[in-house]
Amino acid sequence: MSLLAVDQEKCHRDGICAEVCPARIIEFKGNDAFPSLVDGGDKICISCGHCVAVCPYGAMSHTIMKPEECQSVNEDWLLGPEQVEHFLRYRRSIRNYKNEQVEQGTLTKLIDVARFAPSGHNFQPVKWLVIYDQDAVQRMAAFVIEWMRHLMKEDSPLVAAMHLNRVVSSWEEGNDPICRNAPHIIIAHAHKEDRTAPVACTIALTYLELAASSFDLGACWAGYFNAAATLWPPMQQELGLPEGNVNFGAMMVGYPKFKYHRLPLRNDAEILWR
Ligand SMILES: Cc1cc2nc3c(=O)[nH]c(=O)nc-3n(C[C@H](O)[C@H](O)[C@H](O)COP(=O)(O)O)c2cc1C
């Protein structure tokens, strides 16, 4: 069975599917021909679904993606530049959370948005680990502090670079500078050998952070957490990721305690034009 199936009743033979195909594996064998897969194309296809999504007539099907399974674009929901700018600038790192759990179904929906983030070759290498239990989140934060104390004992240059003395002191005063008392941590992980994974995980977590506010959730990158999970074997053991996988990013998630009313300023863009 071919990877692609063309509904000849619907196809207008406009060639758009072939033009957008990133792998260039759709051809027209003659003037009256319908689109077809080049020889060996099934081995090259990256299953991005562009051929299905771009066809205005719903004529193209892929074995793993039929047009009727792919939601139609809703033009009314597309945002203009001012709304997009406002939405992106409205995103904040949330470090104060209500003492309230988020339902697992809501976190699943949030991750379900993030999984549509782009990845090199459309490999989609990102896997997720949710540390759902708040006690477990706190246990992991304690591992991060243990790692920091280890670095302090070793006189590591990271201590000054990451202000670890202040972080550890704050922990000892009863604060949580690691996970900010967030009820949940969401980790993006992938196989350590996958070259597309670091960027894919970063983009997926960025999608997740941006999408959070639409669920009334707040999120914040857990950088200290991620550094310890990357570098501290006892923490890696506690995380228990699948064999061969490593974490590429972690995000605190919960219901925000406060609302922001203004969009803070940032440095001007430095742009070189060539
Ligand atoms: C990779 C990365 C790691 C971060 N790690 C932490 C962290 O461990 N703890 C924290 O409170 N904020 C962390 N942040 C949040 C930044 O401090 C924040 O993005 C910055 O201050 C700008 O604020 P804004 O996100 O509200 O625009 C991190 C951000 C990024 C992108």
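Colleague: A residue is buried if 20 or more other C-beta atoms lie within 10 Å of its own, exposed if 12 or fewer, and partly exposed in between. With that settled, how many of the residues of β6 are buried?

Modeller: Bear in mind that this is a predicted model. Seven of the eight residues in β6 pass as buried, so the strand is largely enclosed by the rest of the structure.

Colleague: Which strand is joined to β6 by eight bridges?

Modeller: That is β8, and the two run antiparallel. Within the pairing, His-189 has Asn-247 of β8 as its bridge partner, and Ala-190 stands opposite Val-246 of β8. β6 also pairs with β5, again antiparallel, over five bridges; there Trp-128 is partnered by Ala-188 of β6.

Colleague: And β8 itself, how many of its residues are buried?

Modeller: Eight of 10, so β8 too is largely enclosed by the rest of the structure.

Colleague: OK, the core. How many residues in the largest nonpolar one?

Modeller: The count is 47. Val-144, Ile-185, Phe-225, Met-251 and Val-253 have the most contacts inside it. At least two residues each come from α5 (104-114), α6 (134-153), β6 (184-191), α9 (197-212), β7 (218-221), α10 (223-231), α11 (233-239) and β8 (245-254).

Colleague: Which element gives the largest share of this core?

Modeller: α6, with eight residues.

Colleague: What does Met-251 touch, not counting residues up to four places away in sequence?

Modeller: Its contacts are Ile-185, Ile-186, Leu-205, Leu-208, Glu-209, Ala-219, Cys-220, Trp-221 and Ala-222. A separate core of 12 residues lies apart from the largest one, with Leu-4, Cys-21, Ile-26 and Val-52 among them.

Colleague: Back to α6. How many residues has it, and what does it reach from first C-alpha to last?

Modeller: α6 has 20 residues and reaches 29 Å, close to the 28 Å expected at 1.5 Å a residue.

Colleague: Which of its residues are buried?

Modeller: Val-137, Met-140, Ala-141, Phe-143, Val-144, Ile-145, Trp-147 and Met-148. As for spacing, an α-helix has 3.6 residues a turn, so residues three or four places apart point the same way. The cover over the buried residues of α6 includes β5 (127-131), α8 (164-172), β6, α10 and α11. Just after the helix, Asp-155 takes a positive phi of about 60°.

Colleague: Where else is there a positive phi in a residue other than glycine?

Modeller: Arg-180, with phi near 55°. Another is Asp-216, at about 65°. Arg-180 sits in the loop between α8 and β6, while Asp-216 is in the loop between α9 and β7.

Colleague: How does Asp-216 count, buried or exposed?

Modeller: Exposed, because Asp-216 has 10 C-beta neighbours inside 10 Å. Arg-180 has 19 other C-beta atoms within 10 Å and is therefore partly exposed. Asn-175, in the loop between α8 and β6, has 12 neighbours inside 10 Å and so counts as exposed.

Colleague: Ligand next. Which residues surround it?

Modeller: Arg-92, Ser-93, Arg-95, Arg-180, Cys-220, Trp-221, Ala-222, Gly-223 and Tyr-224. β7 and α10 each supply at least two residues of that shell.

Colleague: By class, what does the shell around the ligand have?

Modeller: Four nonpolar, two polar and three charged residues.

Colleague: Last one, Val-52. Which helix does it lie in?

Modeller: Val-52 belongs to α3 (residues 50-54).

Colleague: Why is Val-52 classed as buried?

Modeller: Because 21 other C-beta atoms lie within 10 Å of Val-52, and the cut-off is 20 or more. Leaving aside neighbours within four places in sequence, Val-52 is in contact with Met-60, Ser-61, His-62, Met-65, Pro-67 and Cys-70.

Definitions and conventions. Residues numbered from 1 in each chain as written. Predicted model: local features only at pLDDT ≥ 70, side-chain atom pairs only at ≥ 80, totals over all residues. Core = buried A, V, L, I, M, F, W, Y, C linked by C-beta atoms within 7 Å. Helix = DSSP H or I, 4+ residues; strand = E, 2+ residues; numbered from the N terminus. Contact = placed C-beta atoms within 7 Å. Near = placed C-beta within 6 Å. Nonpolar A, V, L, I, M, F, W, Y, C, P; charged D, E, K, R; others polar. Pairing = 2+ DSSP bridges. Expected span 1.5 Å × (residues − 1).
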